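Have the viewer open as you read.

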Amino acid sequence: MKLKLYNSLTRSKAEFKPVQAGEVGLYTCGPTVYNFAHIGNLRTYIFEDILKRVLQYNGYRVKHVMNITDVGHLTGDRDMGEDKMEKGALREGRTAWEIADFYTQAFKSDIKHLNILPPDIWVKATDTIDDQIALIKTLEENDFTYRTGDGIYFDTSRFKDYTKLSHQNLESLQEGARVEKNPEKRNPTDFALWKFSPQGVQRQMEWDSPWGTGFPGWHIECSAMSMKFLGDQLDIHCGGTDHIDVHHTNEIAQSEAATGKKFFNSWMHGAFLIIAGGKKMAKSEGNFLTLENALIKAGIHPLVYRFATFQTHYRKPMEYSDESVQAARNGLMHLQNQVRNIATAGRNPENMISAAHKTGFLEAVNDDLNMPRAMAAVQDLLKSSASDDQKYTTILEFDQVLGLDLDRLDQPEDLPSEVQKLVDARLNARENKQWDASDRLRDEIQDLGYLVQDTPEGMKVIKK
Ligand SMILES: [Zn+2]
């Protein structure tokens with residue numbers, strides 16, 4: 001069956017064809033590790049995970065590279081403002097290196113909670129400075145760069161088709177109206193390839209270069225890393241829709257200006273998450289929702305959020321509210337119960353898979369990752385007249401794409417005695433309707449690294 005994917009570059013859905021038969025090179029822009037990822041960011045990583053799993057489900061071998069931005073990303077996308085890493089370091093009284101390390105680990109823990117398959121290659125921007133310098137040198141030789149007082153810039157007017165991804169109208173793009181002005185830039189869209197350390201200031205993260213001591217611009221890292229690790233296998237490059245106008249547009253310009261060849265064939269972008277009431281998620285307190293403060297602390301399993309994202313197509317904005325999370329929690333619990341009820345039948349060999357239902361599911365996911373339709377196909381299967389063992393075998397196969405751990409619903413965990421004691425005390429408190437004590441005990445259990453869920457079948461305790 002054909003796999004059709006929407007390509008932001010052509011603005012259309014088309015059959016996916018990799019550069020090399022049977023293999024896919026996938027590059028997904030990773031986090032800037034100066035703070036926790038918020039759940040809007042995480043929605044994009046879940047979409048990318050579904051993409052990767054669907055490619056694998058279609059029989060492709062996927063080579064997946066993800067970067068960790070640990071230097072060079074300034075607070076303004078167009079190279080003005082402060083360095084996000086050094087700002088984070090100042091805020092927390094730690095070094096930029098410690099900040100990068102801490103939030104990288106936090107990110108890895110988040111994606112593990114969400115059952116997002118890790119990339120084959122993780123790569124930190126600071127580990128590829130030489131590659132980035134080499135790429136800038138090539139751009140300099142090809143006459144695409146110029147020097148200003150604060151760095152080496154890419155001259156976007158020298159690159160034909162600069163707007164082929166964004167379709168922006170350059171004449172109407174008045175930089176001054178939206179972002180800080182840099183009078184030395186020749187064009188508003190020009191961007192830094194290398195920034196100099198300010199005179200008399202020693203930055204925590206800086207390197208020597210042919211142009212002077214400093215650090216790379218944000219965009220150059222993704223070009224250098226994707227070409228280094230994927231070579232010519234530049235099949236699919238992903239990110240959030242907020243990457244289209246600047247980050248990905250600049251990646252294409254600098255990469256194609258350096259090589260003279262087409263950069264990635266397909267560009268795929270995940271849409272925004274909107275907090276109910278239309279509020280944009282900001283880093284200000286209260287509105288900055290992380291997996292920890294929005295779900296885990298409230299005793300909601302992170303997979304509820306994974307499940308919640310399946311209700312909206314990845315190219316449509318998704319609305320998030322306490323109600324939508326509650327609905328997803330009920331939906332996932334219902335699905336888990338349905339699967340639990342047929343699990344006793346056991347798993348059967350491949351030929352027990354219901355071919356008709358598999359076709360329905362595959363048609364949905366192969367139609368540009370249509371997860372709402374795929375979830376309907378799941379319900380078609382569960383409500384069908386197929387035998388329980390056939391249903392169970394088939395749903396576990398679907399779970400290769402869903403990633404909801406449907407094969408692990410009936411494994412009660414052995415809890416350490418200190419956790420078991422708190423669990424017993426909490427059961428007791430709940431029986432006596434001592435809700436304050438119940439909440440306090442829940443927090444204590446969670447502090448020991450376990451998730452507490454209250455389900456219709458009773459309290460569940462799962463290792464985080
Ligand atoms: Zn990137």
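## The largest cavity

Helix H1 supplies four residues to the lining of the largest cavity, the most of any contributor; helices here are DSSP runs of H or I with at least four residues, strands are E runs of at least two, and both are numbered from the N terminus. A cavity is a set of points, on a 1 Å grid over the protein atoms alone, where a 1.4 Å probe fits but cannot get out, and lining residues have an atom within 4 Å of a point. By type, the lining splits into seven nonpolar, three polar and one charged (Ala, Val, Leu, Ile, Met, Phe, Trp, Tyr, Cys and Pro are nonpolar, Asp, Glu, Lys and Arg charged, the others, Gly among them, polar).

This cavity holds about 100 Å³ of space, where volume is the space filled by probe spheres set on grid points joined across faces, edges and corners. There are four cavities of 30 Å³ or more.

## What you're looking at

This is a predicted model, where local features need pLDDT of at least 70, side-chain atom pairs count only at pLDDT 80 or more, and totals for chains, interfaces and linings use all residues. Numbering runs from 1 along each chain as its sequence is written, and side-chain values use heavy atoms, with hydrogens and water left out.

## The zinc site

Cys29 (SG), Cys222 (SG) and His247 (NE2) are the protein donors of the zinc ion, 2.1 to 2.2 Å from it. Donors are N, O and S atoms within 2.8 Å of the metal (3.2 Å for Na, K and Ca), and water isn't among the atoms, so sites may look incomplete. Cys29 sits in the loop between strand E3 (23-28) and helix H1 (39-57), while His247 is in helix H7 (residues 244-259), 218 residues apart. Both are buried, meaning under 20% relative accessible area with a 1.4 Å probe and protein chains only (exposed is over 50%, partly exposed in between).

## Rings

The model has 18 aromatic pairs. Rings of Phe, Tyr and Trp (its six-membered ring) pair if their centres lie within 6.5 Å; planes under 30 degrees apart are stacked, over 60 edge-to-face, the rest tilted. Tyr57 and Phe361 are edge-to-face, at 6.1 Å centre to centre and 85° between planes. Tyr57 is in helix H1 and Phe361 in helix H11 (residues 355-365).

Conventions
On a 1 Å grid over the protein atoms alone, a cavity is a set of points where a 1.4 Å probe fits but cannot get out, and a pocket is an open set with protein on both sides within 12 Å along at least five of seven lines; lining residues have an atom within 4 Å of a point.
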